[in-house]
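Here are my notes on this chain. They begin with one residue and its surroundings, then turn to a second residue and the chain overall.

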Amino acid sequence: MSVERQQGTWYQPSLFERGADDVRHGANGEGGTRAAACEEPQTLAASERERALTRDLMERICERANLNRAYKRVKTNKGAPGVDGMTVDDLYPWLVEHKEELVASLLDGSYQPQPVRGKEIPKPGGGMRQLGIPTVVDRLVQQAILQVLEPLLDPTFSASSYGFRPGRNAHQALRRGAEYVRDGRVIVVDIDLEKFFDRVNHDVLMARLARRVADKRLLRIVRRFLEAGMMQQGVYVERYEGTPQGGPLSPLLANLLLDDLDKELERRGHCFCRYADDCNIYVRTRAAGERVMASVTAFLEGKLHLRVNREKSAVAHVEERKFLGHRLLAGGRLGIAPASLARMKERVRAITRRNRGVSLGRVIQELNACLTGWVTYFRYAECKTHLQRLDEWIRRKLRCVRLKQRKRAKPIADLLQSLGLPAWRAWLLALSGKGWWRKAGSPQANEAMSTAWFREQGLVSLSERYAALHQ
């Protein structure tokens, strides 16, 4: 096996033996014409000069290093197969056989994406979210396009945009929002876009992309990705709008479209934070907030052809709304939104269902994976008391699971005695006619399966993890 194959690459050096000039100017012999067009900066406006430099992007996308990097990312991300059933593990053998055809179709602009596989998942706030899972080959192509487009587009985006951007995250958005609240902007215009990824207007989006990109081959292929149909439950559905979540390119295209909103808000001098389609604008008075809500809604629906969800959007005090799972409190402090706590408890309930038929060790392992990431995300929130109460509730859920696993009186009494309880106290609980939840909250269960015992079992303590993160 070659070194390149061991490292996860799939191109052979002979593929690009045409020479550097052929790759730079394109396989169709039109590179000289494009280069000549790029040599007239004096006759073009600044924006047109920048756009003229993007006429050969497809050659950059098809460079060996770029495609190998895209392949490694697709392999790392794994993911489910698309409509053709090809898995990530099947991608390498397919590329060995078809790589030349793939590159040729990209260079001449004839590449045709396959339909995406539709899948609905429940949304945290209720309802269903539509995902569109491209085939692994389409994911490879989208990733290769993303790696070339992102360095061109991302630097032009607003500093107040934080979602799906390199070097930016939700915590930065929350810190900026907290700064606005400390400055006295305690009224938030919370704008919710109704099914944003499903409602993106293709013509509007492609017009924004064509402002920055001059390579018509790339524009055609991106348009085909947008218009690729969806297979759902064996039925093919054509798509005339939307860029379904699931492909590597969708977040960048969403930011490109919503950058018009960012620029408009900056032009008006507003203080705002946007994370993907979640936008909060901070003002000082409710009257100002109502005016901003009306004008921004008109802009989104009139200029960008997006729909504002009027039921979920609101003008309110910051403590009454949530942003990225948090609540902004007086003085710019952060807390956990009640809805985030409720969702976490639902996840714990699902993991600790008493009829799952799995061992306590397996339950604790699943809980740890869930709890560790959750408390790490909320590490900047003031939530010590919430976490202590949540720890107590989780331990009681686990005691309930362990007692239910023993089922009958004698096994329960044997368990409690093995954990150090006197026989009479163990049998007192084992023979009790109370339900499992009440038994789990009894002094005997708390003493036998103590906090120290759960620590020995490897259970993550939210409050202890939170304290460690703050050290």
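1. Start with Ser158. Leaving aside neighbours within four places in sequence, Ser158 is in contact with Arg165, Asp259, Asp262, Lys263, Glu266 and Phe272. Keep in mind that this is a predicted model.

2. Where does Ser158 lie? Its place is the loop between helix 8 (136-153) and helix 9 (170-182).

3. Is Ser158 buried or exposed? The relative accessible area of Ser158 is 2%, so the residue counts as buried, the cut-off being under 20%.

4. Now Gln112. This residue also sits in a loop, the one between helix 7 (91-107) and strand 1 (116-122). Gln112 has a relative accessible area of 53%. The cut-off for exposed is over 50%, so Gln112 is exposed.

5. Which separation goes with the pair Gln112 and Ile221? Their C-alpha atoms are separated by 7.2 Å. Along the chain, the two residues are 109 residues apart.

6. On contacts across the chain, take those between residues at least 6 apart in sequence. Of these, 72% join residues at least 24 apart.

7. Secondary structure: the chain has 23 helices and ten strands.

8. The chain has 471 residues, and 47% of them are buried.

Key. Residues numbered from 1 in each chain as written. Predicted model: local features only at pLDDT ≥ 70, side-chain atom pairs only at ≥ 80, totals over all residues. Heavy atoms only, no water. Helix = DSSP H or I, 4+ residues; strand = E, 2+ residues; numbered from the N terminus. Buried < 20%, exposed > 50% of the residue type's maximum accessible area, 1.4 Å probe, protein only. Contact = heavy atoms within 4.5 Å.
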